[in-house]
Amino acid sequence: MMKNQIAGLMRQAQQVQENMKKVQDSLADIEVEGSSGGGLVSINMTCKYDVKKIKIDPSLLSEDKDMLEDLLAAAFNDAVRKAEQLSQEKVSAITAGFPMPGGMKFPF
């Protein structure tokens, strides 16, 4: 590679890194909602996995404890999957088109 090409690649990498930090910081403010039981249980969390709110339909309070625990776990897992997908989409938008040497990936 020519010296100018390497310098250009380094500048591009620095810009991607700065944009990546901005996106990662913004993930703490982006909320997703996971649900289960047809919406009887829902969990709101940030894309940094900070749970903000849990909603449980009152009809479930008279149900057995095991079922409610299962619905909470399913809603939490649904929220985590949505947070992961949204985070990946935001990261991919930044790294798209950046030329990486064969086999290398960003470390985040």
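Q: Is Val51 buried, exposed or partly exposed?
A: Val51 is partly exposed, because its relative accessible area is 35%. Buried means under 20% relative accessible area, exposed over 50%, and partly exposed in between, with a 1.4 Å probe and protein chains only. The model is a predicted one, where local features need pLDDT of at least 70 and side-chain atom pairs count only at pLDDT 80 or more, while totals for chains, interfaces and linings use all residues. Residues are numbered from 1 along each chain as its sequence is written, and side-chain values use heavy atoms, with hydrogens and water left out.

Q: Which strand holds Val51?
A: Val51 lies in strand β3. Strands (E, at least two residues) and helices (H or I, at least four) are DSSP runs, numbered from the N terminus.

Q: What does β3 pair with?
A: Strand β3 (residues 51–56) runs antiparallel to strand β2 (residues 41–46), with five bridges between them. Two strands pair if DSSP finds at least two bridges between them. Lys55 in β3 stands opposite Ser42.

Q: And the turn, how many residues are between the strands?
A: The hairpin of β2 and β3 has four residues between the strands, and Tyr49 there takes a positive phi near 65°.

Q: Which residues make the nonpolar surface patch?
A: Val51, Ile54, Ile56, Leu61 and Phe76 make a patch of about 430 Å². Patches take residues with over 30% relative accessible area and no salt bridge; like charges are joined within 9 Å, nonpolar side chains (Val, Leu, Ile, Met, Phe, Trp, Tyr) within 5 Å. A salt bridge here is a side-chain nitrogen of Lys or Arg within 4 Å of a carboxyl oxygen of Asp or Glu. Areas come from the Shrake-Rupley method with a 1.4 Å probe, and for residues only the protein chains shown count as cover.

Q: Which element gives the largest share of the patch?
A: Strand β3, with three residues.

Q: Switching to helices. Which residues of α1 are buried?
A: Val16, Met20 and Val23. The buried residues of α1 pack against α2.

Q: Why would residues with that spacing point the same way?
A: An α-helix has 3.6 residues a turn, so residues three or four places apart point the same way.

Q: What does Ile94 touch, leaving aside its neighbours within four places?
A: Ile94, in helix α2 (residues 65–95), is in contact (heavy atoms within 4.5 Å) with Val16, Asn19, Met20 and Val23. Ile94 counts as buried because its relative accessibility is 17%.

Q: What's the order of elements?
A: From the N terminus on, α-β-β-β-α.
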